[in-house]
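This report is meant for a reader who is meeting the structure for the first time. It begins with the overall fold and then turns to a few individual residues.

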Amino acid sequence: TGTLTRGRLQVSHFLSAQGKSYDSLRKLKQCPALYRLVALQGVYNTDSEVSGGRPLGGNATDRAILEYVLPGQTVSGRVLTKVAFDSAAKFSAVSVQAEGTLHLVKGAPEKLLPHCTHAYQENGAIAPLSDQTLLRQQLTKMTQDGERVLALAVSSHSVQPGQIPDGMTLIGLLSLRDQVRPEARKAVQQVQKAGIQVVMITGDNALTAQTIARQCGLLQGNPTYAVMTSDEMAQLSDAELKRRLHSLRVVARALPADKSRLVRLAQECGLVAGMTGDGINDAPALKKADVGFAMGSGTEVAKEAGDIVILDDNFASIAKAILYGRTIFKSIRKFIVFQLTMNLCAVGVSILGPLVGVDTPVTVVQMLWINMIMDTLGGLAFAGEAPLKDYMKEPPKRRDEPILNGYMVNQILVTGLFTVGLCLFFLTSSWIRELFGYQSDPLYFLTAFFSLFVFCGVLNSFNARTHRINLLSHLWKNPAFVLIMAAVTVLQLLFIYYGGTLFRTTPLPFSELGFTFLLALLVLPLDLLRKIALRFFRRPRDF
């Protein structure tokens, strides 16, 4: 829940057992007896402590309550025994020596209220709690408003771990509120449009969880089995829970084991599961998930178990991580198309060149330069591809998604074989040989061929960069691509005019160099026709 809300819990008001609301600490202090008990709970029944005048450590709830009672608090005591919060029992307790011994209990109202038989009045007197109807009505209203509610009580005897004592005396209900992040709803919608099912797993009451889920856009209408509690999940077999998994949106009063179970079942269904967490108990689920998102404010154990740390604890950052993950995957595929197209050309020309009468169409040094273009420089160029919002409108990839798909194979074969054919045409055409004076000096001809090959590679990089008809689509969002390909072109020209014997080149007249470039430009309309044909036949174009 902390990724959807601001993660800044604050006590909104205190509700006495008689149903009177205190919306500020100042008003509560007007009832010294109640204030003292609430302050003792906040100061001692907690895993947080004060450092530098502010609460540190513990969970967000403990810190919020301690921060609430801190201003001007004068209570003092000595801790005798302590029962840490148990996510299964949903309560914590402490025995404090403070003008007598008090056994303070704090936890979920639905767990503690059935065990309360008495209640504190405003003057500190204790009276029987025979009718809880009004209290429970107000509790329901608070949870429906999205508030997190805790019951505060006092036991007549010490508390054992996991065992809620009977005959407790109710102090009242403490309501805490955490505002939903303004960007949460948009981020959830973005992720859902990307084909990702979002499930909010929370320790909150079911009504509180539903309210927050609706505010975030997780619950649309009233889908069956969209909201379940941990107890309801525990009663379902794995097979039944798998059948309901696709409609699940909220798990309330969740236990750490619920997270691990949901991850396991999702993976058994063939789904890719991501999990968020911040506590020690979340570590098994984070480790088991395909992608574990640990919160930046969480424990070191959670961060070690996770794959990604969300520094701002914001669901919008998870949406960005998904977008950048998809962008990286697509960039890898684009680079592979570019690289394999050039490899196909290089291998094809090297094998077929001698068969058409040209023993070494490309020298070893020239091939090293070509390898630099299609490996190092090509990798750097495609690494800067911009994350586009359109990527979040595509369905997610399957767990067994191959790196090389049908669209990529089609592009590699069509553009690669066409480039090989273009190069062979250049090598065998008597008209082109005569144009470049092959009979008198083959060096002009071979220099022009080297230029043709590199120009084809550079232009094919534009083909590989986008599946769109418009080759310039979003081009300026990746300025590194433009700069690198421009640098490759400039270096190629330098090698032509100054490479000499090292690169087996000689300066070409501008007219002949221009003709070579125009010939290389043919790879662009060829790939354009391929894209149009695929769209006409409605073939997959996914990168």
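How many helices and strands are there in the protein? In this predicted model, the protein contains 21 helices together with 17 strands.

The overall dimensions come next. Along its principal axes, the C-alpha trace of the protein spans about 115 × 50 × 30 Å, and the radius of gyration is 34 Å, whereas a compact globule of 543 residues would have a value near 24 Å. Of the 543 residues of the protein, 51% count as buried.

| Residue | Loop | Relative accessibility |
|---|---|---|
| Asp-313 | between β17 (308-310) and α13 (315-352) | 14% |
| Arg-504 | between α19 (500-503) and α20 (510-520) | 16% |

Asp-313 counts as buried because its relative accessibility is 14%, and buried means under 20%. Arg-504, with a relative accessible area of 16%, is therefore buried by that cut-off.

Is Lys-393 buried or exposed? Lys-393 has a relative accessibility of 60% and so counts as exposed, since that term applies over 50%.

Terms used: Residues are numbered from 1 along each chain as its sequence is written. This is a predicted model: local features need pLDDT of at least 70, side-chain atom pairs count only at pLDDT 80 or more; totals for chains, interfaces and linings use all residues. Side-chain values use heavy atoms; hydrogens and water are left out. Buried means under 20% relative accessible area, exposed over 50%, partly exposed in between (1.4 Å probe, protein chains only). Helices (H or I, at least four residues) and strands (E, at least two) are DSSP runs, numbered from the N terminus. The radius of gyration is taken over C-alpha atoms; the globule rule is 2.2 Å times the number of residues to the power 0.38.
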